[in-house]
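Dear colleague,

Please find the structure below, handed over together with its sequence. My notes on what was found in it follow.

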Amino acid sequence: MEFHAQLAGRKEKETKSGKPYLEITLADSTGSLTLKAWADHAQYGQLSELKEGAGLAVDGQFTRNQWGIDGSPWSFSLLDPNAMQQLLAGDPATLARQNADYADIEGFVASLHDPRLKALCAHFLNVFGDRFRRTAAARRNHHARRGGLVEHVAQMMRSANAIAGVYPALNRDLMLAGVLFHDCGKLWENTYPESGFTQGFQLSGEMLGHIPLGIELVNKLWRDLQEGPEHESWKALSPSSELVRLHLLHLVASHHGTHEFGSPTLPRTPEAYALHHIDNLDAKYEMMKDAYAKANELAPGILERQFPLPSNLVVPLPSFVQSD
């Protein structure tokens, strides 16, 4: 089989017996995989000299074992400019899904009733929409791909909207805005370049983390709106704009749920508790979906544990279908 990918990383390693090999990381819009190139590989020298970011057409027979993906034999050629452009545009199915997710996010923002939260969310999408659309939700474990944050936020918004219908006392506007902003700091922690599938590292992301960065961004966007003409009319609104801002910041600050997992404060409102559990549910569901797709079967219906899930998985029960 042949597939196209970008060279995302290369490490020179040795086996315990001292045999050299290269660990090659390949990436596209759907994720990444790692292949080993042993010293006797016909293109070992070329692989050693390739610059990261090169586009490759990889061809071979591939299997999965306990050490990962193994190709035997496999070879590569460089992509021409047209093929590279198609690669960077993304897998058509993934691109279509993410475009639909982004449209849903825009729709939820347009449905907000609180003019302050609506303006703040729209301002974020207007200023940072392009960066948002190429950011991952994480470096690994869940939605760890270009555009993964859009997928994560869209699904969380759908869940928040549904839960607000079941618990009408919840502030729907606040929850939807909280979902949009809860991971906005990851635009400086888990983002991708405009023409690549490798997450870079930035000092701000490393030294502060996405929660403090998210709090800073919300405050910056809020200050932007205070300079606009609509701000004067907001002074008569209830609850006060300052209280709305504070509750939104609390959702960003508390969404990890515990100090142990990085939240500087604990959830203290119904919306904060709901947001934390919606976030955790979507992340866990994505991890399980990935695990079902790649885990080895240990016994009929039992699949091998996949990190970071705590245990082996069991094949889920199919939905009941009424027979004719």
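Through how many residues does a hairpin join S2 to S3? That hairpin runs through two residues, where strands, like helices, are DSSP runs numbered from the N terminus (strands E, at least two residues; helices H or I, at least four). Please note that this is a predicted model, in which local features need pLDDT of at least 70 and side-chain atom pairs count only at pLDDT 80 or more, whereas totals for chains, interfaces and linings use all residues. Residues are numbered from 1 along each chain as its sequence is written, and side-chain values use heavy atoms, with hydrogens and water left out.

S2 (residues 20–28) pairs with S1 (residues 2–14) in the antiparallel sense over eight bridges, pairing being assigned if DSSP finds at least two bridges between two strands. Gly-9 has Thr-25 in S2 as its bridge partner, and five residues lie between S1 and S2 in their hairpin, where Gly-18 in the turn has a positive phi of about 90°. S2 also pairs with S3 (residues 31–38), again antiparallel and over eight bridges, with Ser-32 in S3 as the bridge partner of Ala-27.

Best regards
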